[in-house]
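Please view the sequence and structure below before reading on.

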Amino acid sequence: MCKKIDTSILPKISILIAILCGIIMIYSSKTLYLGWWDYQQARERKIFQDITGPFADGLKNFMFERGRMNVILSAHEPISRENHSFINERRTASDESFELGFSIMEKKYPEETALLRYEYDKIKILRIKMDEESQKPLLQRTPGIRTLWYTNCTNYINLAGTTLKRIGGISRNNYPIDTYYELIIDTLRFRSIVGNESSIFTSAITGSKTINKDEYAALLLLRGESKQIWFDMNDKATMIDSDNLITALETVNDKYYRQFRPNQDRLLGLALKGQLYDNADKEIAKLSVPALDSVLLLADVAMQEMYIENQKSIKNGYESFIKGLLQLLASILTIILITAYLKTRLIQPLNTIVGLVENLSLGKTDIIVPFIERNDEIGKLANGVEMLQKSIEEEQALKLELQEAVVKLAELSTQDPLTGLYNRRYIIQRINELESRYKRSQSVFSVIIGDIDFFKTVNDSYGHDCGDFTLTNIARLISDCCREQDIVARWGGEEFLIVAPDTNNSGAQILAERIRKEVEDKTLQYGDISVKTTMTFGVSEYSNSLGIEGTIKNADMALLHGKAHGRNRVVVF
């Protein structure tokens with residue numbers, strides 16, 4: 001005889017199925033809502049694109065006006081007809097672009113538009129004064145007028161860039177459109193900074209054929225800032241993985257870093273020595289135009305591709321909306337059909353097994369699976385749940401072992417177990433990376449080797465535990481003195497090696513001297529033992545001729561020289 005099914009379970013199952021169908025409806029409604037939301041967001045981004053395009057064009061021309069007028073105001077002669085024509089063309093173009101951007105922006109962002117208009121009107125007033133000053137010889141111009149012009153223009157460029165980034169509402173949830181937008185803002189900022197570099201140098205040599213310490217320091221600071229933004233631009237272009245963007249980026253690298261920058265460095269060297277020749281300012285100004293234009297071309301390419309991606313996003317949002325609508329209708333139909341199917345054979349243990357599966361999905365494996373002995377469908381399902389339980393338990397155990405092994409392996413491969421600093425193997429790897437970077441972009445770096453003076457005396461006098469305590473605290477002190485980008489490792493015994501990226505001999509010497517002074521002034525307290533010690537440092541800047549081994553050997557020779565001549569000093573080779 002067949003056992004009769006208890007019909008009292010049917011109302012419960014009916015409620016369960018109704019809830020499941022309700023979940024399907026909620027999911028479908030969510031899909032419908034998200035599709036509509038994505039569609040509206042894509043249309044919103046279209047407005048941002050319409051604002052960004054004119055402002056980007058305006059900023060491009062305004063940057064050229066800023067730089068050319070800065071050079072003109074540093075020249076001995078009044079403005080030439082050619083420069084006057086160039087300035088007027090750029091002004092007209094930037095005025096038209098900004099006005100178009102204002103007219104689009106003020107419909108949605110009236111307060112931001114009012115501020116940008118107000119600040120730009122101040123620039124227009126300042127232009128009148130600059131035109132008057134540019135007609136005069138250098139000696140008759142108002143002192144500081146060039147700085148006033150350049151500072152106000154740069155502030156407006158930064159204000160416009162910040163405003164665009166803020167109203168753009170970069171939410172980082174729509175790849176790659178948000179990445180395109182960030183790349184455009186970074187590119188405009190990069191163009192402003194490198195334009196600033198070029199203008200500082202050109203205006204300096206135009207007026208005096210030399211460059212003073214303040215101008216040289218400002219130039220180096222800007223170069224460091226532009227280099228960081230350049231790395232960010234490369235990262236974003238790599239993330240997007242667009243052939244057009246990569247090509248445009250390579251064009252910037254070629255025209256700016258391979259063609260323009262070496263010539264600027266050559267003339268900079270001559271200017272620092274007071275050996276600059278006539279017309280060098282015109283030569284570098286002429287070379288700057290294609291280099292800076294290539295940066296603007298990159299912004300144009302990113303803008304075009306962002307427009308294409310946003311059009312796709314609009315289309316996808318619309319399709320998602322239709323899909324969600326169809327899913328909602330299908331879920332309603334499913335509820336109607338399932339309601340008619342409720343009288344089929346249903347089994348009470350299903351709720352229990354569903355609960356067990358839910359616990360397993362949350363990683364809870366400390367459960368007892370019933371119904372294993374049954375030979376029907378529920379028994380098979382229960383056996384499957386038991387197999388899943390065992391599988392999850394094994395997976396969790398393996399995952400825990402793997403995590404512990406990975407952590408231990410990572411620590412062993414990169415860290416010194418005593419000091420917690422990087423070990424010799426890891427820092428050699430990083431030096432190799434910096435060498436490759438140097439060969440690509442001539443990014444200078446330096447190596448510092450430091451050794452604790454008379455460290456053997458500490459071990460002999462107070463024991464190796466005190467020596468280890470001293471090593472650990474000296475390591476921490478060195479790390480605290482270094483910058484975030486510096487790499488510190490235990491080189492061996494009581495020797496430490498520091499790699500300072502984007503730092504020449506002079507900068508590395510300053511860093512080493514700071515560490516030396518901190519060590520000299522520090523008293524370490526190990527129980528009732530006061531430990532005073534000093535360190536000697538050798539510094540060497542990397543060059544192609546030395547290579548990695550030669551640079552490290554050079555720093556080591558400098559260290560030995562310092563040891564031989566009294567210790568507690570910094571020696572640069």
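## Helix axes and angles

In what follows, a helix axis is a line fitted to C-alpha atoms over the stretch in contact, and an angle between two axes runs from 0 to 180 degrees between N-to-C directions. The model described here is predicted.

## Helices H12 and H13

Helix H12, residues 455–462, packs against helix H13, residues 464–481, at an angle of about 140°, and their axes are 6 Å apart. Angles over 145 degrees count as roughly antiparallel; H12 and H13 are therefore oblique to each other.

On the H12 side, the contact is formed by Phe-455, Val-458, Asn-459 and Tyr-462, which meet His-464, Cys-466, Gly-467, Thr-470 and Leu-471 in H13. By class, the residues of this contact comprise five nonpolar, four polar and no charged.

## Helices H6 and H7

The angle at which H6 and H7 pack is about 165°, and 12 Å separates their axes. The two helices are therefore roughly antiparallel to each other. Their crossing is left-handed.

Among the residues of H6 in this contact are Tyr-216, Arg-223, Lys-227 and Trp-230, while those of H7 include Leu-245, Asn-253, Tyr-257 and Arg-261. In the contact of H6 with H7, 13 residues are nonpolar, four are polar and four are charged.

## The largest pocket

The largest pocket holds about 1,700 Å³ of space. Its lining is made up of 44 residues, and those nearest the centre are Lys-227, Arg-437, Ser-443, Val-444 and Asp-502. Lys-227 also belongs to the contact of H6 with H7.

Which elements each supply at least two residues of this lining? They are helix H6 (213–240), helix H7 (243–273), helix H11 (424–441), strand S3 (495–501) and helix H14 (505–521). H6 gives the most, with twelve residues. Sorted by class, the lining of the largest pocket has 16 nonpolar, 13 polar and 15 charged residues.

## The second largest pocket

The volume of the second largest pocket is about 870 Å³. It is lined by 37 residues, and Val-71, Asn-83, Asp-281, Lys-282 and Ala-285 are the closest to its centre.

Two or more residues of this lining come from each of helix H1 (9–74), helix H2 (81–105), helix H5 (177–208) and helix H8 (280–340). H5 makes the greatest contribution to the lining, with nine residues. The lining of the second largest pocket divides into 15 nonpolar, 13 polar and nine charged residues.

Technical notes:
Residues are numbered from 1 along each chain as its sequence is written. This is a predicted model: local features need pLDDT of at least 70, side-chain atom pairs count only at pLDDT 80 or more; totals for chains, interfaces and linings use all residues. Side-chain values use heavy atoms; hydrogens and water are left out. On a 1 Å grid over the protein atoms alone, a cavity is a set of points where a 1.4 Å probe fits but cannot get out, and a pocket is an open set with protein on both sides within 12 Å along at least five of seven lines; lining residues have an atom within 4 Å of a point. Grid points are joined across faces, edges and corners, and a volume is the space filled by probe spheres set on the points. Helices (H or I, at least four residues) and strands (E, at least two) are DSSP runs, numbered from the N terminus. Ala, Val, Leu, Ile, Met, Phe, Trp, Tyr, Cys and Pro count as nonpolar, Asp, Glu, Lys and Arg as charged, and the others, Gly among them, as polar. Angles under 35 degrees count as roughly parallel, over 145 as roughly antiparallel, 65 to 115 as roughly perpendicular and the rest as oblique. A crossing is left-handed if the near helix is turned anticlockwise from the far one by less than a right angle, and right-handed if clockwise. Contact means heavy atoms within 4.5 Å.
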